[in-house]
2 protein chains.
Amino acid sequence: MLRVHDKESGSVYKMSLDKFFNPQSIAIIGATENELNITSAIFNNLFEMGYKGTIVPVNPHYEKVFGLKCCPSILDYEDNIDLSIITISSEHIPEILSQHIERKINNVVIISGGFAETGKRGIVLEAEIKKICRENNIRIIGPNCLGVLNNYSNFSTFFLPWSKIKRPSRGHLSILSQSGSYAASMLDMLYLEGIGVSKFVSYGNRVDVGESELIEYLTGDDSTRVIGIYMESVDDGRRFIRASRLCSCYKHIVVLKVGRQESGINAARSHTGAIAGRYEIYKAAFRKSGVLEVYNLEEFLDACKVLLMQKPARGNKILVITNGGGFGVAVSDMCSDTGLNLAQTPPGIREYLSEHFPEFFIFNNPIDLTGSAGDKDFGIALKTAFVDNDFYDAAIIIPLMPPPAMTEGVVDVISERAKESGKPVVVCTIKSVYTKKTKEKFESKNIPVFMSPERAVKAMNVLVERGKMDGC
Amino acid sequence: MLRVHDKESGSVYKMSLDKFFNPQSIAIIGATENELNITSAIFNNLFEMGYKGTIVPVNPHYEKVFGLKCCPSILDYEDNIDLSIITISSEHIPEILSQHIERKINNVVIISGGFAETGKRGIVLEAEIKKICRENNIRIIGPNCLGVLNNYSNFSTFFLPWSKIKRPSRGHLSILSQSGSYAASMLDMLYLEGIGVSKFVSYGNRVDVGESELIEYLTGDDSTRVIGIYMESVDDGRRFIRASRLCSCYKHIVVLKVGRQESGINAARSHTGAIAGRYEIYKAAFRKSGVLEVYNLEEFLDACKVLLMQKPARGNKILVITNGGGFGVAVSDMCSDTGLNLAQTPPGIREYLSEHFPEFFIFNNPIDLTGSAGDKDFGIALKTAFVDNDFYDAAIIIPLMPPPAMTEGVVDVISERAKESGKPVVVCTIKSVYTKKTKEKFESKNIPVFMSPERAVKAMNVLVERGKMDGC
């Protein structure tokens, strides 16, 4: 675990949050095999993931649940419980929590909704929960959430069946999400994109544990390299800035802030009871603390992906090499839109290329190798303009696969040249059935592939913006 | 064929362009079975599509090509040829064209590059081709292009093997594209999205036939309901406005204009020799002529899709119904960003809903049925707030499938209510392996599904913007 020196926040949180991610023993309150009840999905997910800890079902109506001995109440179980998962109706939760106090169970995930998001009565109930937790040193994730997933301890409290929502493989991205539906959506998209995940937390109404403390925790988590946050509101602005600023010296943080506009703010209040506050303040805080802001789910995943695979760019001079002129034009437009500098190829490079290539290739930036080009031509262009010459800071390569002379060999050619250059490279290609394989090959070599000019340029811009922020 | 009265442009074009789309007999100049030569892919594509016309290979080196009798030159073939496809090296094309004059072949697709896009020599060659074509009444599509595809006559000049690029099914979208690589990309994306295509033209350097004349042609094409245009530049501004204005009385036109920024304009010049001109002029022209502008490939396809499946909205009051609060918040934000009005539910509707639903459902707009909702709840909410009440002009419905009570039955519930309402509806859902089937079911009932809040809102905005334009 990375040693983090943060005098102000201390390091107690590490101990108290660790049981959420690596519990040795868990209780599931209201456990049942009934398929319509969400606990059955939680059990099945744990079984499927191969969770190795002790699972204690709690329910007065059953003797066994999924073959495990069931306790009538948590008070009847005598061994240690690291973490309790509560899914029962909200009005019964204060009583259940008092049993947890008695049993000295200090970590609780409350999945159930029916709190501040539903109006007056829920607000009162939520305040009561909050008070209980503060006064008795109980740590809570939730309510109104999916809870926790840790791919490194094969543990999750998620109730979405893995048959309906795919689970991403093990990797180095951790996600924090106020919204459960966004969390679900992200899981599936990460799976489809082949992006691996370390921790995943959906914390809903956030009566206790929120993004700032989770960022502190993940700062010390070796298996997390990028943190992605879906945010409706922030729990503690100063702590968030402090935590992010420290974290972003070691890792990358990407945030998707919703509730930016008035109607979104209202919807957020109805959704997780969040008071979103003025958006401008958030923007300033993100800038201050090394947090990259993105504006929709696709950008969010693309930013996380590019930061997992490539390093930030040292400047904004971008080289574009393509064999499809139309894509070159679109990338040029988009680069201008986002402030990337598509500087013309310097004379030295241009002369060399015109000696080595047919005259109908185009040696401006974008370098257009046309539909006649093959794998090797990409290698020559990259070597000349990017490896042997330090004029450009980063490159967007667009190897369209349909022309006859293009083969999958282009993956090795491009990724080797990229490595030699020591500079960031992203690949843009056509979204197609055929190119899926090429994409996977590129990404196995840590060259990120984006299926449209827009996405490739935005991803490159993430590397440039992150490069500007570096140093802490 | 729709009868179109356009005094200014006349209707001669219909006859002269029709041979590009419905040729009874074609010649392929430079025909060979050599896999590395693009003619072999053209042959294979025609065979695979089941083209029923006569195919005449032309090449002095072979007696047969793919089992078809090969002529040494086009002069040696005595029967009628409707259309000739030329793929040979650019410098030989003027000579070949003179043979076409002799044989009275008036329609030619020139696939070959090596013209204005490559610099001085190419510009001279292109001017020569243009002169030949004008003086001898030869109509040309190209050069430097993919040419034509007509799904209704099983004909195409495309040299991208259908094994590498998938071909969309038969449908009612026609595409015009200056760029070949964009055209290729679109084909595959349309296939993946399940959007059916009527005609598809990639016209490259456009020495003769361009978008204006093609719009005129498609205005009279019964199987075309939406026209999508990828544009670097326009051939004849006044003709374009006139043609689009007439066409958009009957059909929808969507345009993706690239070469908006200076670097893009330069790249477009290198690419197809296009002089893109000032972007503001284009914007004004689009507004004038009922053309919807979009800004990237994804928006382009989404706009075409939504216009194929739903009718324009009569106003901008949008109802949102969801069972995933986070998606509701994101949609709210995006609606504000794009100027859609997420008006609060009027008291009458709210009261009715609160009597019929649990109190933790949320009856603002977005109506949030929460993770507890099932298929029928969507039906009740839609009936009350959208079918029986005329307050809202259109609806974005977000049925997330993971919660246990949600089944595929929701497709029938939503599509029946949508039909009853007579107002446009789009569906937003999670991009996932599981929801793919749900999406296909919705779209088989003409309810378009978008895999992110952003895309759903933008698609809805297309219907609202198109609604403002209506009437000609």
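**Chat about a two-chain model**

Tutor: At 40% relative accessibility, A:Leu192 counts as partly exposed. Keep in mind that this is a predicted model.

Student: Which helix is A:Leu192 found in?

Tutor: Helix H5 of chain A, residues 180-193.

Student: And which residues form a nonpolar patch with A:Leu192?

Tutor: A:Tyr191 and B:Val433. Together the three have about 250 Å² of accessible area on the surface.

Student: New topic. In helix H3 of chain A, which residues are buried?

Tutor: H3 covers residues 93-103. Its buried residues are A:Ile93, A:Pro94, A:Ile96, A:Leu97, A:Gln99, A:His100 and A:Arg103.

Student: What covers the buried residues of H3(A)?

Tutor: The cover includes strands E1 (25-29), E5 (83-86), E6 (107-110) and E7 (139-141) of chain A. Helix H4 (120-135) of chain A is also among the covering elements.

Student: What follows H3(A)?

Tutor: A:Lys104. The phi of A:Lys104 is positive, near 55°.

Student: Now strand E14 of chain A. Are A:Val291 and A:Leu292 buried or exposed?

Tutor: Buried. E14 runs over residues 291-294, and both faces are covered. A:Val291 and A:Glu293 lie on one side, A:Leu292 and A:Val294 on the other.

Student: How many bridges join E13 to E14(A)?

Tutor: Four, and the two strands run parallel. E13 of chain A spans residues 252-257. In one of the pairs, A:Ile253 has A:Val291 as its bridge partner.

Student: On to chain B. In what order do the five strands of the open sheet stand?

Tutor: E16-E15-E17-E18-E19, with parallel pairing. Strands E16 (367-368) and E19 (449-450) stand at the edges. Each has a single partner strand, so one side of each has no neighbour in the sheet.

Student: How many bridges join E15 to E17 there?

Tutor: Five. E15 of chain B is residues 318-322, and E17 is residues 394-398. B:Ile321 in chain B stands opposite B:Ile397 in E17(B).

Student: Is B:Cys70 buried or exposed?

Tutor: Buried, with a relative accessible area of 5%.

Student: How far is B:Cys428 from the closest cysteine sulfur?

Tutor: Its sulfur is 10 Å from the one in B:Cys335, so that is too far for a bond as well. B:Cys428 is buried, with a relative accessible area of 0%.

Conventions: Residues are numbered from 1 along each chain as its sequence is written. Chains are lettered from A and ligands numbered from 1 in the order in which they are written. This is a predicted model: local features need pLDDT of at least 70, side-chain atom pairs count only at pLDDT 80 or more; totals for chains, interfaces and linings use all residues. Side-chain values use heavy atoms; hydrogens and water are left out. Buried means under 20% relative accessible area, exposed over 50%, partly exposed in between (1.4 Å probe, protein chains only). Two strands pair if DSSP finds at least two bridges between them. A disulfide is a pair of cysteine sulfur atoms within 2.5 Å. Patches are made of residues with over 30% relative accessible area and no salt bridge: like charges are joined within 9 Å, nonpolar side chains (Val, Leu, Ile, Met, Phe, Trp, Tyr) within 5 Å. Accessible areas come from the Shrake-Rupley method with a 1.4 Å probe; for residues, only the protein chains shown count as cover. A salt bridge is a side-chain nitrogen of Lys or Arg within 4 Å of a carboxyl oxygen of Asp or Glu. Contact means heavy atoms within 4.5 Å.
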